[in-house]
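Subject: Structure for your review

Dear colleague,

Please find the structure below, with the sequence alongside.

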Amino acid sequence: MIVQEEVDPYTRTAQIFPVLSGEMIARARNYGAEERLNAGAVLFSRGERQADFFLILSGEVGIFHAGEGQGDERLLTVHRNGQFSGELDHVSSRALLVSARALTASRVIRVPAHAFRRMLAGEPDLAEIIMRAFILRRMGFLHHGEAGITLIGPAASADTLRLERFAIRNGYPLKLLDTSADPLAVDNLQEFGLELRDLPAVVTPDHKVLRNPTTAEFADSLGLTDRFDEADVWDLAVVGAGPAGLAAATYAASEGLRTVVIEGLAPGGQAGTSSRIENYLGFPTGISGQALAGRAQVQAQKFGARIAVSRTVTALDCSSHPYRLELEDGQVVSALSVVIATGARYRRLTVPGYDAYEGAGIQYAATAMEAKLCRDREVIVVGGGNSAGQAAVFLSRHVGHVHILVRKDGLASTMSDYLVQRIALSPKITLHPLTEITGVEGEVALEHVSWRDVRSGQITTIACGALFVMIGAEPNTQWLKDCLTLDEKGFVLTGRDHEGRPVASPYATEKPGIWAVGDVRAGSVKRVASGVGEGSVVVQAIHAYLEGLDSN
């Protein structure tokens, strides 16, 4: 998951297409073997997985992606002496977006995929140059919409947004043809054999047309999903690729554990949807959740962690060892140890059309960024807890007016008194007790919100800059009920064994070899930094556990 930049990455020529020194080439040679290629020889093809790495010694190697017509190819760039092939999919198990072919008779150093990972770990200066180039090449694809899909449909429709968000959050290039605003996009429908009722539609690089695919079908068509051998046993399986899960994967893989991360949607978790994280250590100007998660994902993959997306874990069989993770498509992943990092999902309102405005007016956090987006406009905060009160007080300093909606008859029973008093004294905050949201409207983004007074039945509708929903979170733990004990809210209990006795790790569950970190854990601090801390610290306990298995 790499964030698209406004500045064209291709302008950074020296970094995106670097030339390695003779001394660096000599070190890279230790990980592979020299080969001579005839003109036309294929180095790797689009759709291939875990391709080898090629360092060009002489000649020219062309990089191609699919063109506009069936069977067409477009030359993206040419690598020459001292340059190398590859982009981010060379460090993942995803299907490659491009092909490589020798344009002339050439000499190359071929580094097999498994040796390439060793080179990244063993040659940090080489790894820095290579990984920076790989990231910039992917950013170039994203910036130009190259080597990816064409998404056709009305930009504001829920399904178009669903597919677009999935691709973007997984760092997959796309070009959107908005049929609601671009007459040429409608003209293109006939070319692909589409009608309006087929939209949104996806045209893949090999010109396969998908009519409003499910997210799983979409991921499969993009080559993002993985197939697992049930007989293969991983040292560690991490379930969830939020900050806690990615931290656990990065530290475990960097210390030599065979690590797989299984994520149902996209790396980043809730943090990945945050427009700006202002208080994460080391980023004084802030960083978007997607950028932070993207860096963590690449870091974990650099050390050899395998990250598999778009398949949710539906059950954990902990009746035998190794543990067995059952995926929604019927696959089974076996692992000696498991880290549960599935986080929590926001509680959502049950209102028609709600999905279409998530991230486009419906927010779950009130930071300076959200306040700026709705400056001087009226906003609504739904919720009666401290988080809702703090949001309302903060927003009142930036927006036109804040309306707090609660189902109860007041705030005293659910909110700290100091916040209740501040809200009561603020001329820019109005409390609406015994009310519920009934409608959300807007063409592209949220524009109007309606609520009902449950006593009188009166409906009120206002022009609204944002709707802040702060009614708590629910842990993603329904798949664990047959294995682990959960607290009354569904969070995973840790720190004690099956008989209730304290254990060494505060992240250990009642089952030896299974840990829980981050928001999914009962009693955890629901912050990005604390999740990263828990994910990194738990690896020490995992090592001790695995060493104990080896000694038995």
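In what follows, an axis is a line fitted to C-alpha atoms, for helices over the stretch in contact, and angles run from 0 to 180 degrees between N-to-C directions. This is a predicted model, so to speak of local features a pLDDT of at least 70 is needed, side-chain atom pairs count only at pLDDT 80 or more, and totals for chains, interfaces and linings use all residues. Residues are numbered from 1 along each chain as its sequence is written, and side-chain values use heavy atoms, with hydrogens and water left out.

Helix packing around H4

Helices (H or I, at least four residues) and strands (E, at least two) are DSSP runs, numbered from the N terminus. Helix H3 (residues 113-122) and H4 cross at roughly 115°, and their axes come within 6 Å. H3 is therefore roughly perpendicular to H4, a term for angles of 65 to 115 degrees; under 35 counts as roughly parallel, over 145 as roughly antiparallel and the rest as oblique. On the H3 side, Phe116, Met119, Leu120 and Gly122 take part, and they meet Pro124, Leu126, Ala127, Ile130, Met131 and Phe134 of H4; contact means heavy atoms within 4.5 Å. By class, this contact of H3 with H4 has nine nonpolar residues, one polar and no charged. Here Ala, Val, Leu, Ile, Met, Phe, Trp, Tyr, Cys and Pro count as nonpolar, Asp, Glu, Lys and Arg as charged, and the others, Gly among them, as polar.

Helix H2 (residues 22-29) also packs with H4 (residues 124-144), at an angle of about 100° and with the axes 11 Å apart. H2 is thus roughly perpendicular to H4. The residues that meet are Met24, Arg27 and Ala28 in H2 and Asp125, Leu126 and Ile129 in H4. The contact of H2 with H4 divides into four nonpolar, no polar and two charged residues.

H8 has 12 residues and reaches 16 Å from its first C-alpha to its last, close to the 16 Å expected at 1.5 Å a residue; the expected span is 1.5 Å times one less than the number of residues. Nine of the 12 residues of H8 are buried, so H8 is largely enclosed by the rest of the structure. Buried means under 20% relative accessible area, exposed over 50%, and partly exposed in between (1.4 Å probe, protein chains only). The buried residues of H8 include Ala244, Gly245, Leu246 and Thr250, and what covers the buried residues includes E12, strand E13 (259-263), H9, strand E14 (306-309), E17 and H13. After H8 comes Gly256, with a positive phi near 90°.

Leaving aside neighbours within four places in sequence, Thr250 is in contact with Ala296, Gln299, Ala300 and Phe303.

Helix H13 (residues 528-551) has 24 residues that should span 34 Å at 1.5 Å a residue, and the 36 Å between its end C-alpha atoms agrees. Among its buried residues are Val528, Gly531, Val538, Ile542 and Leu546. The cover over the buried residues of H13 includes strand E12 (233-239), helix H8 (243-254), helix H9 (289-302), E17 and strand E28 (514-516).

Ser334 in strand E17

Ser334 is found in strand E17 (residues 332-340) and is buried, with a relative accessible area of 7%. Not counting residues up to four places away in sequence, Ser334 touches Glu230, Asp232, Val233, Trp234, Tyr323 and Arg324. The Ser334 side chain reaches the backbone oxygen of Glu230 at 3.3 Å.

Backbone geometry in the loops

A cis peptide bond joins Leu199 and Pro200, with omega about 0°; Pro200 lies in the loop between helix H6 (183-191) and strand E10 (201-203). Another cis peptide bond joins His321 and Pro322, with omega about 5°, and Pro322 is placed in the loop between strand E15 (313-317) and strand E16 (323-327).

Gln50, a residue other than glycine, has a positive phi near 55° and is partly exposed at 45% relative accessibility. Asn212 is not a glycine either, yet its phi is positive at about 40°; Asn212 is partly exposed, with a relative accessible area of 29%.

With kind regards

Technical notes:
Polar contact = N/O pair within 3.5 Å; in protein donor to acceptor, adjacent residues only side chain to side chain.
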